[in-house]
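This briefing concerns the structure shown below.

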Amino acid sequence: MGYTDYLDALRTLLNVEAALAAAGRDLALARLAVHRALGGAWVASGPLAEPRMVPASGGAGAGGANE
């Protein structure tokens with residue numbers, strides 16, 4: 001394998017890496033378009049509430065199989 005073969009392989013690698021970066025950019029732009037189409041925004045309109053535990057529905061009268 002000579003130096004020109006090395007340079008050719010390096011050029012191919014750089015082209016593939018550039019194509020991979022472009023595909024990643026296109027994917028990010030597509031995700032952003034979906035987010036915007038669904039009404040998403042970049043900034044929250046106000047402070048976010050602290051997450052809290054909500055009890056799961058269950059027990060008597062919860063629409064189980066015995067009702």
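Predicted model: local features only at pLDDT ≥ 70, side-chain atom pairs only at ≥ 80, totals over all residues.

**Helix and overall fold**

Tyr-6 has its place in helix α1, which covers residues 3-37. Residues are numbered from 1 along each chain as its sequence is written, and side-chain values use heavy atoms, with hydrogens and water left out.

**Helix geometry**

- The 35 residues of α1 should span 51 Å at 1.5 Å a residue, and the end C-alpha atoms are 51 Å apart, which agrees; the expected span is 1.5 Å times one less than the number of residues.
- Gly-39 follows α1 and has a positive phi, near 90°.

**Exposure and surface**

- Of the 67 residues of the protein, 1% count as buried (under 20% relative accessible area; exposed is over 50%, partly exposed in between, with a 1.4 Å probe and protein chains only).
- The protein exposes about 6,400 Å², of which carbon and sulfur atoms supply 63%; accessible areas come from the Shrake-Rupley method with a 1.4 Å probe.
- Met-1, Tyr-3, Tyr-6, Leu-7, Leu-10, Leu-13 and Leu-14 form a nonpolar surface patch with about 790 Å² of accessible area together. Patch residues have over 30% relative accessible area and no salt bridge, and nonpolar side chains are joined within 5 Å.
- Tyr-6 counts as partly exposed because its relative accessibility is 45%.

**Salt bridges**

- The structure holds two salt bridges (a side-chain nitrogen of Lys or Arg within 4 Å of a carboxyl oxygen of Asp or Glu).
- Arg-11 and Asp-8 form one of them, at 2.4 Å from N to O. Both residues lie in helix α1, three residues apart, about one turn of the helix.
- Asp-8 is partly exposed, at 36% relative accessible area.
- Asp-26 and Arg-25 also meet in a salt bridge, at 3.0 Å from N to O. Asp-26 is partly exposed at 41% relative accessibility, and Arg-25 is partly exposed at 48%.

Note on methods. Patch = residues over 30% accessible without salt bridge, like charges linked within 9 Å, V, L, I, M, F, W, Y side chains within 5 Å. Helix = DSSP H or I, 4+ residues; strand = E, 2+ residues; numbered from the N terminus.
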